[in-house]
Amino acid sequence: MSKKQKSPLKMTSAEIRQSFLDFFEEHGHTIVPSASLVPGGDQTLLFTNAGMVQFKDVFLGTGTRPYTRAANAQKCMRVAGKHNDLEDVGRDDTHHTYFEMLGNWSFGDYYKKETITWAWQLLTDVWGLPKDKLWATCFEDELGEIPRDDQAAEIWRQQPGFDPEHVLFFGREENFWEMAETGPCGPDSEIHFDRGPEFCNMHDVPGHVCQVNGDCQRYLELWNLVFIQYNRTSATHLDPLPAKHVDTGLGFERLVSVMQDVDSNYKTDLFIPLLQTVQALTGHDDQTLNENLTAYRVIADHGRAAAFLIADGVVPGNVGRNYVCRMIIRRASRFGGKIGLNNPFLANVAETVIEQYGDFYPELVQNRSAILQTITDEERRFQRTLDIGMSHFYTVLEETRAANLDVIPGTSAFDLYATYGLPFEITRDLAQEQGFDTDADGFYAAMEIHKVASSSAMESATRETDDLELYRTVLDDLKAEGKLGKEGVRYDPYTGFEIEGPILALFKNGKQVKSAVVKDRVSVVLPETHFYIEAGGQVADTGAISSVDEPSWKISIEDTREPLEGLILHEGRVVSGTPTVGQQALAAVDETRRWDIMRNHTATHLLHAALRQVLGDRARQAGSLVAPDRLRFDVTHGEPMTQDEIEAVEKQVNEAILDNYELEIRNQPREQAIHKGAMALFGETYGDTVRTVTIGDEGRISYELCGGTHVGETGAIGPFLVVGEGSVAAGIRRIEAVTGRGAQSMIQERMQTLSKMAERLGASVDKLEARLEALLTERDQLTSEIINLRSSEAVSAYQSLQPVDHNGVPVLIGELPNADTDTLRQLTDRFRSENPSGVVVLASVVDGQPILVAAVTKDLVARGLHASELVQNVARVIGGGGGGKPTLAQAGGKDASKLSEALALVHDWVSAKQG
Ligand SMILES: [Zn+2]
Ligand SMILES: [Zn+2]
């Protein structure tokens, strides 16, 4: 390797990306825009994580495209679930949450020859990478089931200047690609780049050898060329595909680091401007920057990812993609704090991202204000809870240490998230700094339970159809015009039900409109509202917005929500007239419904307290629903509640209602409220100042953080009835209850039923139970009398039968009315006790079915007359069969009309046996 190598061309990252696309466009490819980071139509995937995601349907044969050759640069995110590399992000040179993939595709068009030839040309001729530093791997099945890809290897060896020794074969793990357990698959060929011995980071490891697919950083995998030529139908069977496809992926960050000849992705022009932005904020010199490299890298990586996520419509939230968005902003914010950035700062990094990437990804520019605002809002929210969250983290850490553990339990990590807003990943970072691990499985299991238990309460206020950018613009304009204050729409669901104000904005089907007509579905913005927005399990208010002046119009409101902080939408349908922006409106909450909701909400607090009393402090709220007609409360508890427990809970709640406690609602500093023992609930975001709801002196009955609406005194709740208790998920019970009018009408219905029963039974309600008891006893007596009557009827019929003599053997046959099998058996026993030798066959019809019982005395059994054989013979006639012992057997059949015919056969059978 002494020969001086040609160096790669010095190009900027933007030039590299463009030259890739240009090259494939020249070769007949359609340049396709990057798909959104949020995969369309693929529920199984959290984020788009490869270029082929948007072409999955073509490979599966369920979709087509107007072109057969495509190329693109694709935005990707890999940060899903518990098995991600997030811990490595910032700590090494190559891991990222967000990254780009360059790719080219053939859909049944060109194949291996063109793919390899073009890759070689692009890498060496266009980009000038030294030919002798490039290696290619091809597929050779270690199980010997799938043919070796000699075709690809041969094409490689034919490339001009390619060292034929640089083709290596690897097995399924490295060189066979599968979409899933079944479906399209095929061999792939990877291109690796030898950065030179100085890039080896494992010199010190004894026995280490630098090699392709080895352990060190000398050989980098650059580009993967996948040849989709099979369809896997089972674990062992591959069918050749009629149309063969090509799918390639070239890691952009890594390519740029090679092209710009640096040893870290963070030293490329993709990241340098981001790091410089952070450095300008901290004022650090280069040495201090290098001493804090991890923090700088995390901030750069996460700031970039957050900007791209928000541009694609993902907002910070509690689950799924929203959780990821929240987590990366908070994690970046926490690392910012470590290098002295205590005020919201991440928007500055996002600003640089927009500048740098905006030309190629215009969605960044289009959503600029949403990106910057969302990031800053989220940082603010996080900083409000960070101090208290950190202090609780240290409490948990001390507990863990005191228990002699070195892993923070997943449930504690989840508490830190649910109550104090510390995402798991931050707890893990903090724990690591103290030499502790954190139980990821436990955390995600706890999160899953809460997701199931409170999925409705945690639904994001933002809907897929929302145009957040439009909302933001409208909100900003209204503020600028002075029609709305700094905080946006004034929200006060606590002090009244009706309010007047002008219509500030109208939306119809997601578009802003000036007016609407009958039947239109609209969203109305007013300066102020008393309508409650769904939160803390309490459903949103409904009601009506109508005109104050002529001409008159009315909109019935079915939902109220806040898709964007400060912008409250009243949503419903125009029922009359033409509501128009600027007209004065009266917004009236459906008061009756709201009172039902308030009763149920206060009752929920009482129920929560009673459950903890009866089941113990480990019973915790795992979700709730406060609706007008019922309330639902999920509680962590391992087993079904007993009837006694349910009654105790019901009694305790009703006592608290009768004691008629006044509710004390206060706003106070959050820390103070928590310190005094207020219960905070999951899925809620709490600011510096929190609203607390106190019932009983000093919260003796209940003390919760709550933004919901409540009755003034507990007496207003009226009766409280538990109507259901059941399981909703492992370890979670669900209690359903009604109050007020719902309980009232239920009680009324039940009372009516009782009255009707009393009337029918001719007794007063309080004598009803005794009357019922007497009736049941009477019924039992009658039943046994009937049985006795029936058997005495059978007995007298039996007594009237006369045996027929067969050579000295008495044979008694007969059909007895109303005799069941037991009676028939008893009577055959009686025959045998009265006759030392003989044969008896008694029959009856029960519910239309003929039955037979036959008995033979022991002396005759010894002579070959078996009762079991007897019943088998005669039962055929009645279309049935039977069996038993030689002395006693029984049979059943279908055709009762043949019973006498069957019985007549007995004589023939006995004669034949005696013959
Ligand atoms: Zn090495
Ligand atoms: Zn509440």
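His-601 and His-605 both sit in helix α19 (residues 591-615). They are 4 residues apart, about one turn of the helix. The model described here is predicted. For reference, ideal angles at a metal are 109.5 degrees for four tetrahedral donors, and 90 or 180 degrees for six octahedral ones.

One has 4 strands in the order β22-β23-β28-β27, and its pairing is antiparallel. Its edges are β22 (621-626) and β27 (720-729). Each edge strand has a single partner, so one side of each is left without a neighbour in the sheet. From one strand to the next, the twist averages 15 degrees. Antiparallel pairing of β22 with strand β23 (residues 631-636) extends over 5 bridges. Within this part of the sheet, Leu-625 stands opposite Arg-632 in β23. Helix α22 (residues 740-761) lies across β27 and β28 (732-739). The helix runs at about 80 degrees to β28.

The other sheet is formed by 6 strands, in the order β29-β30-β31-β32-β34-β33. This open sheet has mixed pairing. β29 (804-806) and β33 (881-884) stand at its edges. Each of them has a single partner strand, so one side of each lacks a neighbour in the sheet. Here the twist averages 20 degrees from one strand to the next. Helix α24 (residues 821-834) packs on this sheet. The helix touches β30 (809-815), β31, β32 and β34, and its direction makes about 25 degrees with that of β32.

Strand β32 (residues 849-856) has 7 of its 8 residues buried, so the strand is largely enclosed by the rest of the structure. Strand β31 (residues 839-846) runs antiparallel to β32 and is joined to it by 8 bridges. The two strands form a hairpin with 2 residues between them. One turn residue, Asp-847, has a positive phi of about 50 degrees. Val-845 stands opposite Pro-850 in β32. Further along, the bridge partner of Leu-842 is Val-853 in β32. β32 also pairs with strand β34 (residues 888-892), in the antiparallel sense and over 5 bridges. In that pairing, Ile-851 has Gly-892 of β34 as its bridge partner. In a regular strand, side chains alternate between the two faces of the sheet.

The largest nonpolar core holds 102 residues. Phe-20, Trp-127, Trp-156, Trp-223, Leu-364 and Ile-371 touch the most other members. Helix α9 (residues 293-311) gives the most to this core, with 12 residues. Contacts of Ile-371, leaving aside neighbours within four places in sequence, are Ala-307, Ile-310, Ala-311, Ala-350, Ile-354 and Leu-364. Another core lies apart from the largest one and has 45 residues. Among them are Ile-499, Leu-506, Ala-656 and Ile-657.

Ala-295 also lies in helix α9. Ala-295 is buried, with a relative accessible area of 6%. Neighbours within four places in sequence aside, Ala-295 is in contact with Phe-335 and Ile-339. The C-alpha atoms of Ala-295 and Ser-333 are separated by 9.8 Å, although these residues are 38 apart along the chain.

Cysteines complete the survey. With sulfur pairs required to lie within 2.5 Å, the count comes to 0 disulfides. Cys-325 is in no disulfide, and the nearest cysteine sulfur, that of Cys-76, is 17 Å away. Cys-325 is buried, with a relative accessible area of 0%. Cys-200 is buried as well, at a relative accessible area of 6%.

Terms used
Residues numbered from 1 in each chain as written. Chains lettered and ligands numbered in written order. Predicted model: local features only at pLDDT ≥ 70, side-chain atom pairs only at ≥ 80, totals over all residues. Heavy atoms only, no water. Pairing = 2+ DSSP bridges. Axes fitted to C-alpha atoms, helices over the stretch in contact; angles between N-to-C directions. Contact = heavy atoms within 4.5 Å. Core = buried A, V, L, I, M, F, W, Y, C linked by side-chain atoms within 4.5 Å. Buried < 20%, exposed > 50% of the residue type's maximum accessible area, 1.4 Å probe, protein only.
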